[in-house]
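Reader: I would like to learn how to read a fold and its charged pairs from a model. Could you take me through the terms, one after another?

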Amino acid sequence: QLQLVESGGGSVQPGGSLTLSCRVSGFSLDNYAVGWLRQAPGKANEELLCTKTSGEITNLEDSVKGRFTSSRDNAKNIVTLQMNNLKPEDTGVYYCAADLICGGIYNYWGQGAQVTVSS
């Protein structure tokens with residue numbers, strides 16, 4: 001059974017940093033791209049970035065360029081999202097999602113992690 005479990009959400013002040021982790025099981029990261037998506041209050045999901053199986057980051061959303069990055073350890077089946085210089089508009093539920101390629105429809109989703117940026 002393919003499963004993604006996120007951890008690391010929380011509350012932070014503007015300008016702060018958080019790291020989210022996504023641990024996958026039931027499949028090998030060697031074969032799957034992993035995207036990070038955000039659902040802000042009252043808005044639809046938006047894809048922030050995606051890491052290919054090679055680790056290359058693609059589909060980077062303009063509002064997070066220079067602030068967010070992602071890395072993956074295929075051997076440990078973990079993908080992380082490092083978020084720096086957080087802004088109040090970054091508040092939302094963050095999801096990791098996996099599928100064979102970036103930018104398509106993700107068929108496998110984590111449970112979501114709440115991130116709140118507020119002073």
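Author: Let us begin with secondary structure, where helices (H or I, at least four residues) and strands (E, at least two) are DSSP runs, numbered from the N terminus. In this protein there are 0 helices and 11 strands. The model is a predicted one, in which local features need pLDDT of at least 70 and side-chain atom pairs count only at pLDDT 80 or more, while totals for chains, interfaces and linings use all residues. Residues are numbered from 1 along each chain as its sequence is written, and side-chain values use heavy atoms, with hydrogens and water left out.

Reader: What percentage of the residues count as buried?

Author: Buried means under 20% relative accessible area, exposed over 50%, and partly exposed in between (1.4 Å probe, protein chains only). Of the 119 residues of the protein, 44% count as buried.

Reader: How many salt bridges does a search of the whole structure find?

Author: A salt bridge is a side-chain nitrogen of Lys or Arg within 4 Å of a carboxyl oxygen of Asp or Glu, and the search finds 5 of them. In one, Asp 90 pairs with Arg 38, with the closest N and O atoms 2.9 Å apart. This pair links distant parts of the chain, since Asp 90 lies in the loop between β8 (78-83) and β9 (92-99) and Arg 38 in strand β4 (residues 33-39), 52 residues apart.

Reader: Are Asp 90 and Arg 38 buried or exposed?

Author: Asp 90 is buried, at 1% relative accessibility, and Arg 38 is buried too, at 3%.

Reader: Which residue meets Arg 67 in a salt bridge?

Author: The side chain of Arg 67 meets that of Asp 90 (2.7 Å, N to O). Salt bridges that share partners join Arg 38, Glu 46, Arg 67 and Asp 90 into one network. Arg 67 is buried, at 8% relative accessibility.

Reader: Which residue forms a salt bridge with Lys 52?

Author: Lys 52 meets Glu 56 at 3.6 Å, N to O. Lys 52 is partly exposed, at 33% relative accessibility, and Glu 56 is partly exposed at 43%.
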